[in-house]
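Open the model in your viewer and keep the selection tool at hand. We will go stop by stop.

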Amino acid sequence: MNYTELKKAIRGYVENDFPTINLTDSSTVWSSDDQLATFVQQAEQRIFNTIQFPSLRKNMTGLLVANNQYLSCPDDFLAPYSLAVIDTDGSYYYLLNKDVNFIRESFPQPTGAGNTGKPYCYAIFGPKTSGSTITNELSFLLGPTPDYGYQVELHFYYYPESIVTAGTTWLSENFDSVLLYGALREGYFFIKADADMMAKVEEKYKEAIILAKRLGDGLERQDAYRSGQVRDKVV
(Lines give C-alpha, C1' and ligand atoms only; values in the text may rest on other atoms or scores of the structure.)
Protein backbone atom coordinates (compact mmCIF):
# COMPACT_ATOMS: atom_id res chain seq x y z
CA MET A 1 0.00 0.00 0.00
CA ASN A 2 1.41 3.38 -0.97
CA TYR A 3 0.48 6.74 0.55
CA THR A 4 -2.05 7.59 -2.16
CA GLU A 5 -3.84 4.28 -1.57
CA LEU A 6 -3.70 4.80 2.19
CA LYS A 7 -5.32 8.25 1.98
CA LYS A 8 -8.04 6.86 -0.29
CA ALA A 9 -8.69 4.01 2.15
CA ILE A 10 -8.94 6.35 5.16
CA ARG A 11 -11.43 8.62 3.40
CA GLY A 12 -13.44 5.59 2.27
CA TYR A 13 -13.60 3.92 5.69
CA VAL A 14 -14.45 7.13 7.55
CA GLU A 15 -16.73 8.38 4.73
CA ASN A 16 -15.32 11.86 5.21
CA ASP A 17 -13.23 14.02 2.87
CA PHE A 18 -11.85 16.03 5.82
CA PRO A 19 -12.55 19.45 4.29
CA THR A 20 -10.13 22.34 4.74
CA ILE A 21 -10.28 24.05 8.13
CA ASN A 22 -9.50 27.71 8.81
CA LEU A 23 -7.20 28.05 11.79
CA THR A 24 -6.23 31.15 13.77
CA ASP A 25 -6.81 33.53 10.89
CA SER A 26 -8.24 33.43 7.40
CA SER A 27 -4.77 33.16 5.84
CA THR A 28 -3.92 29.95 7.73
CA VAL A 29 -5.66 26.75 6.71
CA TRP A 30 -5.40 23.06 7.55
CA SER A 31 -6.03 21.22 4.30
CA SER A 32 -7.50 17.77 3.90
CA ASP A 33 -4.10 16.32 2.99
CA ASP A 34 -2.53 18.04 6.02
CA GLN A 35 -5.10 16.41 8.28
CA LEU A 36 -4.50 12.96 6.79
CA ALA A 37 -0.74 13.41 7.10
CA THR A 38 -1.15 14.17 10.80
CA PHE A 39 -3.30 11.06 11.34
CA VAL A 40 -0.77 8.84 9.58
CA GLN A 41 2.31 10.29 11.31
CA GLN A 42 0.66 10.00 14.73
CA ALA A 43 -0.18 6.36 13.94
CA GLU A 44 3.41 5.67 12.82
CA GLN A 45 4.81 7.14 16.02
CA ARG A 46 2.47 5.02 18.15
CA ILE A 47 3.33 1.85 16.19
CA PHE A 48 7.08 2.48 16.25
CA ASN A 49 7.00 2.91 20.03
CA THR A 50 4.96 -0.28 20.48
CA ILE A 51 6.90 -2.68 18.23
CA GLN A 52 10.63 -2.81 17.60
CA PHE A 53 10.75 -3.83 13.94
CA PRO A 54 14.25 -4.41 12.50
CA SER A 55 13.45 -1.62 10.02
CA LEU A 56 13.67 0.81 12.96
CA ARG A 57 17.36 0.02 13.43
CA LYS A 58 20.28 1.83 11.93
CA ASN A 59 24.00 1.34 12.32
CA MET A 60 26.83 3.85 12.01
CA THR A 61 30.57 3.80 12.51
CA GLY A 62 32.76 6.54 13.87
CA LEU A 63 36.03 7.31 15.60
CA LEU A 64 36.79 8.10 19.23
CA VAL A 65 39.23 10.83 20.15
CA ALA A 66 42.07 9.97 22.51
CA ASN A 67 41.65 11.57 25.95
CA ASN A 68 38.09 12.66 25.13
CA GLN A 69 35.43 10.73 27.06
CA TYR A 70 32.52 12.01 24.93
CA LEU A 71 31.08 10.67 21.67
CA SER A 72 28.35 12.60 19.86
CA CYS A 73 25.10 10.75 19.09
CA PRO A 74 23.70 10.80 15.53
CA ASP A 75 21.12 13.52 14.85
CA ASP A 76 18.30 10.94 14.44
CA PHE A 77 19.29 8.89 17.50
CA LEU A 78 16.46 7.86 19.84
CA ALA A 79 17.81 4.93 21.88
CA PRO A 80 20.78 2.52 21.71
CA TYR A 81 20.77 -1.16 20.85
CA SER A 82 24.53 -1.64 21.12
CA LEU A 83 27.81 0.23 21.04
CA ALA A 84 31.03 -1.60 20.20
CA VAL A 85 34.68 -0.58 20.23
CA ILE A 86 36.70 -2.08 17.37
CA ASP A 87 40.26 -2.80 18.46
CA THR A 88 43.30 -2.30 16.24
CA ASP A 89 43.20 -5.99 15.25
CA GLY A 90 39.56 -5.70 14.13
CA SER A 91 38.08 -7.40 17.22
CA TYR A 92 34.68 -6.14 18.45
CA TYR A 93 34.15 -5.37 22.13
CA TYR A 94 30.56 -4.52 23.07
CA LEU A 95 30.25 -1.89 25.78
CA LEU A 96 27.95 -2.16 28.80
CA ASN A 97 25.19 0.43 29.11
CA LYS A 98 25.60 2.15 32.49
CA ASP A 99 24.44 5.31 34.26
CA VAL A 100 26.43 8.53 34.15
CA ASN A 101 26.98 8.36 37.92
CA PHE A 102 28.51 4.87 37.60
CA ILE A 103 31.10 6.14 35.11
CA ARG A 104 31.81 9.30 37.12
CA GLU A 105 32.30 7.23 40.27
CA SER A 106 34.45 4.61 38.53
CA PHE A 107 36.61 7.12 36.66
CA PRO A 108 36.59 10.32 38.75
CA GLN A 109 39.54 11.86 36.88
CA PRO A 110 38.76 11.41 33.16
CA THR A 111 42.38 11.71 31.99
CA GLY A 112 44.12 10.84 35.24
CA ALA A 113 46.30 7.82 35.87
CA GLY A 114 44.29 4.59 35.68
CA ASN A 115 41.28 6.36 34.18
CA THR A 116 42.15 5.92 30.49
CA GLY A 117 42.17 2.83 28.32
CA LYS A 118 39.89 0.88 26.01
CA PRO A 119 36.28 1.78 27.02
CA TYR A 120 34.12 -1.03 28.37
CA CYS A 121 30.98 0.95 29.31
CA TYR A 122 28.99 3.97 28.21
CA ALA A 123 26.08 6.15 29.31
CA ILE A 124 23.74 8.55 27.54
CA PHE A 125 24.85 12.05 28.47
CA GLY A 126 23.16 15.29 27.52
CA PRO A 127 21.58 17.23 26.06
CA LYS A 128 24.45 19.52 25.18
CA THR A 129 24.51 23.19 26.04
CA SER A 130 25.70 25.99 23.79
CA GLY A 131 26.28 28.95 26.04
CA SER A 132 23.03 29.33 27.97
CA THR A 133 21.03 27.43 25.33
CA ILE A 134 20.20 23.76 25.82
CA THR A 135 20.29 21.90 22.50
CA ASN A 136 18.62 18.63 21.53
CA GLU A 137 21.94 16.92 20.80
CA LEU A 138 22.87 13.96 22.99
CA SER A 139 26.29 12.43 23.66
CA PHE A 140 27.68 9.20 25.03
CA LEU A 141 29.93 9.31 28.07
CA LEU A 142 32.60 6.59 27.88
CA GLY A 143 34.43 4.79 30.63
CA PRO A 144 37.34 4.65 30.84
CA THR A 145 38.32 7.62 28.70
CA PRO A 146 39.72 6.35 25.38
CA ASP A 147 43.51 6.21 25.25
CA TYR A 148 43.42 5.85 21.46
CA GLY A 149 41.27 6.83 18.49
CA TYR A 150 39.35 3.54 18.38
CA GLN A 151 36.76 2.90 15.72
CA VAL A 152 33.24 2.35 17.10
CA GLU A 153 30.05 0.84 15.69
CA LEU A 154 26.68 1.99 16.98
CA HIS A 155 23.36 0.21 16.43
CA PHE A 156 20.47 2.45 17.42
CA TYR A 157 16.72 3.00 17.30
CA TYR A 158 15.40 5.80 15.09
CA TYR A 159 12.22 6.85 13.31
CA PRO A 160 12.40 5.89 9.64
CA GLU A 161 11.07 8.29 7.02
CA SER A 162 7.29 8.61 7.14
CA ILE A 163 5.15 7.21 4.34
CA VAL A 164 3.83 10.79 4.02
CA THR A 165 7.09 11.86 2.40
CA ALA A 166 8.51 8.51 1.25
CA GLY A 167 5.41 7.30 -0.60
CA THR A 168 6.00 3.71 0.50
CA THR A 169 7.78 2.25 3.54
CA TRP A 170 8.69 -1.14 4.96
CA LEU A 171 5.62 -0.95 7.20
CA SER A 172 3.21 -0.04 4.39
CA GLU A 173 4.53 -2.85 2.18
CA ASN A 174 4.76 -5.58 4.83
CA PHE A 175 2.11 -4.78 7.45
CA ASP A 176 -0.25 -2.17 6.04
CA SER A 177 -3.18 -3.26 8.23
CA VAL A 178 -1.64 -1.89 11.43
CA LEU A 179 -0.84 1.39 9.68
CA LEU A 180 -4.35 1.68 8.22
CA TYR A 181 -6.18 0.97 11.48
CA GLY A 182 -3.76 3.18 13.40
CA ALA A 183 -4.55 6.09 11.08
CA LEU A 184 -8.28 5.33 11.16
CA ARG A 185 -8.12 5.42 14.95
CA GLU A 186 -6.76 8.97 14.79
CA GLY A 187 -9.26 9.97 12.09
CA TYR A 188 -12.31 8.70 13.96
CA PHE A 189 -11.13 10.44 17.10
CA PHE A 190 -10.72 13.68 15.11
CA ILE A 191 -14.30 13.62 13.77
CA LYS A 192 -15.62 12.56 17.18
CA ALA A 193 -17.20 9.36 15.89
CA ASP A 194 -19.79 7.55 18.00
CA ALA A 195 -18.62 5.25 20.76
CA ASP A 196 -19.59 2.02 18.96
CA MET A 197 -17.55 2.88 15.89
CA MET A 198 -14.58 3.98 17.98
CA ALA A 199 -14.71 0.68 19.87
CA LYS A 200 -14.75 -1.33 16.62
CA VAL A 201 -11.78 0.54 15.19
CA GLU A 202 -9.88 0.19 18.47
CA GLU A 203 -10.54 -3.56 18.44
CA LYS A 204 -9.27 -3.92 14.85
CA TYR A 205 -6.20 -1.84 15.67
CA LYS A 206 -5.37 -4.01 18.68
CA GLU A 207 -5.76 -7.17 16.57
CA ALA A 208 -3.34 -5.77 13.99
CA ILE A 209 -0.87 -4.70 16.70
CA ILE A 210 -0.86 -8.21 18.21
CA LEU A 211 -0.04 -9.77 14.84
CA ALA A 212 2.61 -7.15 14.12
CA LYS A 213 4.23 -7.69 17.55
CA ARG A 214 4.33 -11.43 16.86
CA LEU A 215 6.46 -10.60 13.83
CA GLY A 216 8.61 -7.72 15.08
CA ASP A 217 9.11 -8.70 18.73
CA GLY A 218 8.73 -12.45 18.24
CA LEU A 219 9.69 -14.16 15.00
CA GLU A 220 12.35 -11.59 14.13
CA ARG A 221 13.81 -11.51 17.63
CA GLN A 222 14.27 -15.16 18.64
CA ASP A 223 18.05 -15.13 18.26
CA ALA A 224 18.68 -11.82 20.06
CA TYR A 225 21.94 -12.10 22.02
CA ARG A 226 21.10 -9.76 24.88
CA SER A 227 17.98 -10.29 26.96
CA GLY A 228 17.48 -6.55 27.45
CA GLN A 229 15.72 -6.32 24.10
CA VAL A 230 11.97 -6.91 23.85
CA ARG A 231 11.43 -10.54 22.86
CA ASP A 232 7.94 -12.01 22.84
CA LYS A 233 7.28 -15.76 22.91
CA VAL A 234 5.94 -17.00 19.59
CA VAL A 235 2.86 -19.23 19.90
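This is a predicted model: local features need pLDDT of at least 70, side-chain atom pairs count only at pLDDT 80 or more; totals for chains, interfaces and linings use all residues.

Select β3, β14, β5 and β6. These four strands form an open sheet, in that order, with antiparallel pairing. Look at the edges: β3 (57–63) and β6 (92–94) each have a single partner strand, so one side of each is left without a neighbour in the sheet. From one strand to the next, the twist averages 25°.

Now keep β3 and β14 (residues 151–157). Seven bridges join these antiparallel strands. Pick G62: its bridge partner in β14 is V152.

**The rings.** Colour the aromatic residues. The whole structure holds 16 aromatic pairs. Select W30 and F190. Their ring centres are 5.5 Å apart and their planes stand at 90°, so this pair is edge-to-face. W30 belongs to strand β2 (residues 29–30) and F190 to helix α6 (residues 176–190), so zoom out to trace the chain: 160 residues separate them.

Next, select Y70 and F125. Here the centres lie 5.3 Å apart with planes at 50°, so the pair is tilted. Y70 sits in strand β4 (residues 70–72) and F125 in strand β9 (residues 121–125), 55 residues apart. Y70 is partly exposed, at 34%; F125 is partly exposed too, at 28%.

Then select F77, Y122, F140, F156 and Y158. Ring pairs link them into a cluster.

**The lysines.** Select K98 with F102. K98 lies over the ring face, 4.7 Å from the ring centre. Finish on K118, which lies over the face of Y93 at 3.5 Å from the ring centre.

Terms used. Residues are numbered from 1 along each chain as its sequence is written. Side-chain values use heavy atoms; hydrogens and water are left out. Two strands pair if DSSP finds at least two bridges between them. Helices (H or I, at least four residues) and strands (E, at least two) are DSSP runs, numbered from the N terminus. Axes are lines fitted to C-alpha atoms, for helices over the stretch in contact, and angles run from 0 to 180 degrees between N-to-C directions. Rings of Phe, Tyr and Trp (its six-membered ring) pair if their centres lie within 6.5 Å; planes under 30 degrees apart count as stacked, over 60 as edge-to-face and the rest as tilted. Buried means under 20% relative accessible area, exposed over 50%, partly exposed in between (1.4 Å probe, protein chains only). A charge sits over a ring if NZ of Lys or CZ of Arg is within 6 Å of the ring centre and within 35 degrees of the ring normal.
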